[in-house]
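Please read the following report alongside the sequence and the 3D view.

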Amino acid sequence: MATANSLPLALLLLLLAAAALSLPPPSLAVTSPYVRPKPRATLSLLRKDADDDGRTPEQVHISVVGSDKMRVTWITGDDAPATVEYGTTSGQYPFSATGSTDTYSYVLYHSGKIHDVVIGPLKPSTTYYYRCSNDTSREFSFRTPPASLPFKFVVAGDLGQTGWTESTLRHIGAADYDMLLLPGDLSYADLYQPRWDSYGRLVEPLASARPWMVTHGNHEIEKIPLVEPRSFKAYNARWRMPYDAGASPSGSNLYYSFDVAGGAVHVIMLGSYTDYAAGSAQHRWLQGDLASVDRARAAFVVALVHAPWYNSNEAHRGEGDGMRAAMEELLHGGRVDAVFAGHVHAYERFARVYGGEADPCGAVHVTIGDGGNREGLAEKYVDPQPATSAFREASFGHGRLEVVNATHALWTWHRNDDDEAVVADQAWITSLASNPACNK
């Protein structure tokens, strides 16, 4: 990670941004004294059956497939065609595509009809209007990501569906961004399947308008011995990701990778709760995926996990150590620039680190598990603060990563401060691919 002291260009950009936006300067080894507001109750987004004929699409969300296609997923209560009609003008749909429909049962719960359609090819940076299942009552729209830099990500973990989640989503919705990355723990259904439905309704306004790329967390496992022995049943049925697309298909919805901005950014979504040990399918796939990345083309490589590999919060300490021991060397060899995690319900940013020590060629590690979950915040940190921990605070919020060009990306963390998104932390990240010392 480059700081303003070591990089004149970053210093100039940072000062301009700070002057324009009244941002605080980058911080080193800071434990924020901020006192958080009180927790908020879980929301209720029950389905209004009286207003639904069983064919009305709901819980609509989209995800990218390759460089020019989009997966549209939605649910209907009864049988309805798995068809998406779309075009670039509202009310006009000259294109259409048909996909598949599936359902699942969990104990006594039976899901609605889960439809999955891939549409395209699509033009970059273009707004498309679409409708699902030939339903004329609801028109949706999304904007495709750009085919080159700059590229703007939102990163938010452990969302849940509380009043604080609603606040986080409102702040995200007010931002101009291209894609949302979620490092696990989506609905907090925790076996109670109707919560998956209410979560889908809650996030639909955003998830139907920008691609949401997610990986799983511990709350997605939902395994009950003997009764429901298959893990991730609801997650895999509802949130299908492009694990079988691209140059490096993984064969598992629990880990995958994809490129954005014409290949300038490579994103790796890893699975903290599926086998990651050396020799496992995920470990072998990660080796191959990193080996296939052309860093002359991919200026930045970022990874997402659920359980953080570096963590100075007292909550969940050490839970990511096994995965770090198995995979950190691979990421370091692949010059991965940043690793984003959830699980710990607080925010923390580490400087570049590898093997537990500061390393200028290591990844920046960020814990962003503060989206608004119903379990509350993890407020206790170890003392003293580790030297590699640059900033930490137990507050709800979300992060934004703007990859500005082939050498620099700006990371900012936006605190939900009394319903106003306050920028509490920021850092410039320099691509390791552009650092000669890291490319020997």
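The model is predicted, so local features need pLDDT of at least 70 and side-chain atom pairs count only at pLDDT 80 or more, while totals for chains, interfaces and linings use all residues. Residues are numbered from 1 along each chain as its sequence is written, and side-chain values use heavy atoms, with hydrogens and water left out.

Four strands form an open sheet in the order 2-3-9-6, with antiparallel pairing. Helices (H or I, at least four residues) and strands (E, at least two) are DSSP runs, numbered from the N terminus; two strands pair if DSSP finds at least two bridges between them. Strand 2 (58-65) and strand 6 (100-102) are the edge strands, each pairing on one side only. From one strand to the next, the twist averages 20 degrees. Helix 3 (residues 194-207) packs on the sheet and touches strand 2 and strand 3 (69-76); contact means heavy atoms within 4.5 Å. The direction of helix 3 makes about 60 degrees with that of strand 2. Axes are lines fitted to C-alpha atoms, for helices over the stretch in contact, and angles run from 0 to 180 degrees between N-to-C directions.

Strand 2 is mostly covered, with eight of its eight residues buried; buried means under 20% relative accessible area (1.4 Å probe, protein chains only). Six bridges join strand 2 to strand 3 in the antiparallel sense, and Ile62 stands opposite Val72 in strand 3. Strand 2 and strand 3 form a hairpin with three residues between them, and Gly66 in the turn has a positive phi of about 70 degrees. Ser100 stands opposite Asp116 in strand 9.

Thr76 belongs to strand 3 and is buried, with a relative accessible area of 0%. The side chain of Thr76 reaches the backbone oxygen of Asp78 at 2.7 Å.

**Helix 2 and helix 3**

Two packed helices are described by the angle between their axes and the distance between the axes. Helix 2 (residues 163-173) and helix 3 pack at an angle of about 10 degrees, and their axes are 10 Å apart. Helix 2 is therefore roughly parallel to helix 3, a term for angles under 35 degrees. On the helix 2 side, Thr165, Leu169, Ile172 and Gly173 meet Leu202, Val203 and Leu206 in helix 3. By class, this contact has five nonpolar, two polar and no charged residues. Ala, Val, Leu, Ile, Met, Phe, Trp, Tyr, Cys and Pro count as nonpolar, Asp, Glu, Lys and Arg as charged, and the others, Gly among them, as polar.

Asn373 lies in the loop between strand 21 (363-368) and strand 22 (389-393). Asn373 is buried, with a relative accessible area of 2%. A polar atom of its side chain lies 2.9 Å from the backbone nitrogen of Glu375. Among the residues that Asn373 touches, not counting those up to four places away in sequence, are Thr165, Tyr188 and His345.

His219 is in the loop between strand 14 (212-215) and helix 4 (233-238), and is buried at a relative accessible area of 10%. The C-alpha atoms of His219 and Asp185 are separated by 5.4 Å, with the two residues 34 apart along the chain. With residues up to four places away left out, His219 touches Asp185, Tyr188, Asp190 and Glu375.

The table gives side-chain pairs in polar contact.A polar contact is a pair of N or O atoms within 3.5 Å; within protein, one must be able to donate a hydrogen and the other to accept it, and residues adjacent in sequence count only if both atoms are side-chain atoms.

| Side chain | Partner side chain | Distance |
|---|---|---|
| Thr76 | His115 | 2.8 Å |
| Asn373 | His345 | 3.1 Å |
| His219 | Glu375 | 3.4 Å |

**Strand 23**

Strand 23 (residues 397-403) is mostly covered, with five of its seven residues buried. Five bridges join strand 12 (residues 151-155) to strand 23, and the two run antiparallel; Val154 stands opposite Arg400 in strand 23. Strand 23 also pairs with strand 24 (residues 408-417) in the antiparallel sense, over seven bridges. Gly399 stands opposite Trp413 in strand 24, and a hairpin joins strand 23 to strand 24 through four residues.

Terms used
Parallel < 35°, antiparallel > 145°, perpendicular 65-115°, else oblique. Buried < 20%, exposed > 50% of the residue type's maximum accessible area, 1.4 Å probe, protein only.
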